[in-house]
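Thanks for coming. I will take you through one model today, going residue by residue and then to how the chains relate. Please have the sequence and the structure open.

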Number of protein chains: 2
Amino acid sequence: MLSDIEIANAAVLRPIKDVASETLGIEERHLVPYGHHKAKVDLTHLASLADRPLGRLVLVTALSPTPPGEGKTTTTVGLTDALHGLGHSTVACLREPSMGPVFGMKGGAAGGGYSQVVPMTDINLHFTGDFAALAAANNLLAALIDNHVHHGNELDIDVRSVTWKRVLDVNDRALREVVVALGGHVNGFPREDGFDIVVASELMAIFCLTESWADLKRRIGDIVIGYTRAMKPVTARDLGAHGAMAALLRDALAPNLVQTLEGAPAFVHGGPFANIAHGCSSVMATRAGLRLADLVVTEAGFGADLGAEKFVDIKCRKSGLRPDVAVVVATVRALKYHGGVALADLGTEDIGAVEAGMVNLRRHLDNIREVYGIPCVVAVNRFPSDTDTEIARVVDLVAAEGVRAYPATHFADGGLGAQDLAKGVLQALDEPSPYTFSFTYDDDLSLTGKVEAIATRLYGAGLVTWDAKARRRLTRIERDGYGGLPVCVAKTQYSFSTDPTVVGAPSGHELHVREVRLSAGAGFVVVVCGDMMTMPGLPRDPSASRIDLADDGTILGLS
Amino acid sequence: MLSDIEIANAAVLRPIKDVASETLGIEERHLVPYGHHKAKVDLTHLASLADRPLGRLVLVTALSPTPPGEGKTTTTVGLTDALHGLGHSTVACLREPSMGPVFGMKGGAAGGGYSQVVPMTDINLHFTGDFAALAAANNLLAALIDNHVHHGNELDIDVRSVTWKRVLDVNDRALREVVVALGGHVNGFPREDGFDIVVASELMAIFCLTESWADLKRRIGDIVIGYTRAMKPVTARDLGAHGAMAALLRDALAPNLVQTLEGAPAFVHGGPFANIAHGCSSVMATRAGLRLADLVVTEAGFGADLGAEKFVDIKCRKSGLRPDVAVVVATVRALKYHGGVALADLGTEDIGAVEAGMVNLRRHLDNIREVYGIPCVVAVNRFPSDTDTEIARVVDLVAAEGVRAYPATHFADGGLGAQDLAKGVLQALDEPSPYTFSFTYDDDLSLTGKVEAIATRLYGAGLVTWDAKARRRLTRIERDGYGGLPVCVAKTQYSFSTDPTVVGAPSGHELHVREVRLSAGAGFVVVVCGDMMTMPGLPRDPSASRIDLADDGTILGLS
């Protein structure tokens with residue numbers, strides 16, 4: 001089979017203005033083109049659609065993934081292509097890839113095989129400049145903070161308390177911990193600082209939860225960058241930074257429209273981390289999709305304990321959006337992994353391990369149906385090494401849970417490979433839901449109570465413990481009036497516990513909270529359990545060394 | 001009079017595809033649109049025009065400026081509009097603004113008054129993403145350097161010798177001097193480091209001297225990032241970084257087309273500093289303009305001792321381009337400043353000071369004609385406080401030098417205000433030049449000899465002295481085989497000397513070289529005289545606090 005970039009480069013793309021008009025009814029004058037195959041949809045036009053009824057929302061999530069991932073994006077694209085191919089007005093809503101992993105280890109993030117969004121190189125590199133705009137706005141605020149302190153510090157900011165970091169869209173471990181403002185008094189007051197990758201920034205989370213330009217400016221103004229020496233929160237508004245930051249994000253806030261290899265429309269917009277942030281593409285894009293198409297297929301990050309939980313408890317809570325059905329991506333490989341098989345041995349048939357690993361998928365299915373109250377189907381994303389017996393066993397095991405499972409081969413076969421899945425999704429959408437959509441916890445529960453609700457109801461944890469420092473921070477956050485916010489748990493995606501090596505469905509374990517951070521602009525409190533990497537590093541042999549530019553302008557080596 | 005942004009926001013822009021086809025004969029299919037009013041011109045199309053004859057090149061330069069500047073960009077736009085209005089096929093080639101000054105003190109850099117390029121907010125913020133792409137490529141190389149060292153340092157890079165800095169497009173003094181890679185062994189090897197603003201990067205200079213994608217990759221490969229412990233230069237090619245960096249710049253390399261307020265075409269592409277780098281917009285844009293139009297009007301940075309010198313000795317030397325006439329922008333204000341009047345008093349009529357300040361302009365005119373061998377005219381850029389007597393005196397003083405001077409009011413009146421100037425330029429282009437174009441020095445002169453040639457022939461200096469460290473560095477650079485490169489003098493723009501307070505035309509002074517830097521990819525050796533700021537800071541009351549986003553998406557407060 002051809003590589004992802006070979007497939008993408010061989011594709012004949014349609015002009016995006018034709019895709020926009022024919023699939024979504026958007027006239028060319030409402031598009032802001034970025035080349036001939038990417039466009040933003042004018043926000044003023046989108047605002048004019050406010051009275052339109054909303055389409056139905058399909059959330060793609062997964063069981064706890066293995067390190068190589070289970071193909072959530074690929075399934076989102078394949079399912080969109082299948083629904084599109086069956087004649088249903090459908091749009092995919094995906095996250096934008098970060099350039100960090102592109103030049104590091106993971107490669108691109110625009111789907112894979114014959115389920116990709118294109119133009120693949122553009123989407124993976126720069127795209128329409130959203131991440132650069134976010135970095136510029138983020139770093140302007142950082143510069144304004146140090147500048148304020150340098151010029152007399154009228155607000156009396158305690159530089160030891162500044163939590164607002166600078167960001168870059170590159171994997172650069174050397175920037176994780178730095179000391180800035182060295183070199184004497186003309187360079188300001190030295191302090192410890194650090195850089196995060198753009199996708200880990202609070203500004204990215206804000207961007208993805210924003211509903212309008214005015215809302216964007218308000219949320220940015222609410223950002224707490226640190227504290228005064230009297231321990232009063234200092235906001236971006238206090239620094240007069242929010243107007244300029246919002247101006248820098250004006251264009252970026254409009255959703256980016258591209259196409260799948262099969263010509264279905266796709267919004268690719270925003271991309272926050274799913275640990276430190278909520279891991280979903282933008283509300284702007286989801287809502288635009290729901291107004292423009294009958295069906296929106298969107299994905300949430302990591303497994304359903306993280307991505308889907310945050311989709312429900314953060315994105316849905318804040319936006320009022322509601323998923324109509326969840327597609328849970330499962331793979332034979334991941335089930336065997338949760339059944340105790342080592343990563344290197346996942347290519348070998350092992351029915352016993354598949355059965356044992358079902359505990360992981362089962363808990364996710366229970367959470368989605370019983371806690372979030374969303375009906376679901378399972379997509380069994382088939383890999384070449386999977387045997388027919390294994391696939392059949394997964395379908396049976398899922399059926400025993402009262403859920404329909406559909407093997408899918410969209411990676412190799414495009415939309416046609418996900419047609420059964422698409423029909424299953426349509427059937428689930430047609431059936432009355434036996435569940436009632438619900439949040440995991442109510443707003444008025446204490447922050448501690450919210451974390452406990454997630455830990456016990458979703459993770460199977462027995463208790464939540466707190467570092468003393470984290471507990472103090474929580475108390476301060478509540479005292480400052482942020483206790484009504486939802487929480488955003490940052491933990492490993494590989495396990496229901498905080499230990500990435502504990503596969504399956506652990507129970508009664510301890511969820512230890514190491515750190516608490518306030519994302520006042522985004523409107524949630526981050527609860528960090530375990531080590532969270534917010535600035536990745538490059539591997540010994542990074543993809544960057546294989547990516548190349550041919551003399552005719554062709555980009556080579558992206559994967 | 002309205003503010004710059006009020007004028008720009010009130011302008012009715014034509015679709016850029018119409019401007020491109022009607023003024024430059026570029027078909028829509030050869031444009032890569034960025035919205036409806038900005039486009040890149042496809043590089044493959046531009047390469048196909050290689051056989052076309054070149055138009056004529058008008059270089060806009062200036063006397064030594066005052067801190068507020070003399071209106072070089074405004075004059076370039078006004079002259080372009082005037083030539084366009086007179087029915088001549090003309091395109092302006094300008095530098096892209098940096099966002100640093102936009103949010104700091106200086107404001108935007110897209111001309112001013114009724115001589116602007118538009119869309120003004122877009123050009124000043126993000127534009128087509130070129131600076132973001134340059135930052136991404138620059139910072140990928142930085143990450144690859146520290147990553148190489150972290151993973152065993154096979155090349156034996158001496159981290160103390162790494163000269164490749166990270167960059168951001170923001171004024172942030174806290175990033176000038178930092179220590180990176182703190183926090184223990186997982187974060188790499190701590191070292192002293194610093195950030196420059198994007199426009200000060202070698203990559204920006206490379207970008208602006210590049211002729212094709214292949215040339216771009218080759219030049220990037222030549223970058224010397226530091227030395228091994230055995231003092232051997234380490235290049236970006238040694239690190240395998242050049243292919244990925246070139247890929248990141250693929251799209252950016254195509255020139256950006258916009259329009260003036262009067263509908264003339266303008267390429268706005270690249271923008272290196274005029275001290276640490278050569279200060280000219282891209283060769284790609286200039287050459288494209290010369291193939292597509294009869295006349296190209298372009299500007300060089302700072303005064304003619306810096307910008308025009310580098311235009312001649314670096315850009316022309318490397319590209320083979322030749323200016324046909326120079327327009328030297330002078331103002332009554334600057335002449336009075338060089339005649340000894342304090343900045344605060346420049347609004348008061350003072351004929352004696354104008355006469356005394358003529359020494360500065362006279363030396364520039366001599367240099368341009370006698371050293372560079374370029375015929376010239378003077379544009380007297382009129383300010384509201386200038387009196388008719390002062391203006392008339394300048395015209396007479398310039399005439400006494402054998403040069404025609406044309407008062408111009410394009411800031412207030414648009415192209416009509418520069419019509420006399422335009423006719424003067426056309427007349428100069430029609431006359432046979434009495435001069436022979438020449439470089440200030442030959443390639444085979446030693447680096448020391450090159451600096452001495454510039455210092456004595458152009459600056460009127462009596463001698464060149466060197467810090468011992470700078471001298472050692474120069475010796476090493478010559479020993480490593482870079483002695484044949486041109487030099488790029490980084491000194492203050494306010495004086496022919498290295499002391500910004502020495503106005504007029506000092507003679508016999510000492511040019512002291514404090515530091516020498518190799519820009520092997522750009523292909524020049526930077527000779528730093530005096531303090532050079534490669535990362536500006538924000539003022540106490542930055543423009544950022546006045547820039548705002550209205551609820552309807554209008555950006556306010558740019559100047």
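Start at Ala181(A), which is in the loop between β8 (178–180) and β9 (191–193) of chain A. Helices here are DSSP runs of H or I with at least four residues, strands are runs of E with at least two, and both are numbered from the N terminus. Ala181(A) is not a glycine, yet its phi is positive, about 65°. Ala181(A) is also buried, at a relative accessible area of 1%. Buried means under 20% relative accessible area, exposed means over 50%, and partly exposed is in between, with a 1.4 Å probe and protein chains only.

Before going on, what you are looking at is a predicted model, where local features need pLDDT of at least 70, side-chain atom pairs count only at pLDDT 80 or more, and totals for chains, interfaces and linings use all residues. Residues are numbered from 1 along each chain as its sequence is written, chains are lettered from A and ligands numbered from 1 in the order in which they are written, and side-chain values use heavy atoms, with hydrogens and water left out.

Asp156(B) has a positive phi too, about 60°, and is not a glycine. The loop that holds Asp156(B) runs between α7 (130–150) and β7 (166–168) of chain B. With a relative accessible area of 27%, Asp156(B) is partly exposed.

Next, the cis peptide bonds. In chain A, Val118(A) and Pro119(A) are joined by one, with omega about 5°. Pro119(A) sits in the loop between β6 (115–118) and α6 (120–124) of chain A. In chain B, the bond from Val118(B) to Pro119(B) is cis, omega near 5°, and Pro119(B) is in the loop between β6 (115–118) and α6 (120–124) of chain B.

Now Gly521(A), in the loop between β22 (515–519) and β23 (524–528) of chain A. Gly521(A) counts as buried at 4% relative accessibility. Which residues does Gly521(A) touch, leaving out those up to four places away in sequence? They are Glu202(A), Ile206(A), Arg219(A), Asp222(A) and Ile223(A), where contact means heavy atoms within 4.5 Å.

On to the rings. How many aromatic pairs does a search of the whole structure find? Four, over all chains. Rings of Phe, Tyr and Trp (its six-membered ring) pair if their centres lie within 6.5 Å; planes under 30 degrees apart are stacked, over 60 edge-to-face, and the rest tilted. One of the pairs is Tyr34(A) with Tyr34(B): the centres are 6.0 Å apart and the planes at 65°, so this pair is edge-to-face. The pair crosses between chains, and each Tyr34 lies in the loop between β1 (31–33) and β2 (39–41) of its chain. Tyr34(A) is buried, at 9% relative accessibility, and Tyr34(B) is buried at 9%. Another pair is Phe437(A) with Phe439(A), centres 5.5 Å apart and planes at 85°, so also edge-to-face.

Two charges sit over rings, meaning NZ of Lys or CZ of Arg within 6 Å of the ring centre and within 35 degrees of the ring normal. Lys491(A) lies over the face of Tyr459(A), 4.8 Å from the ring centre. Arg363(B) lies over the face of Phe496(B), at 4.8 Å from the ring centre.
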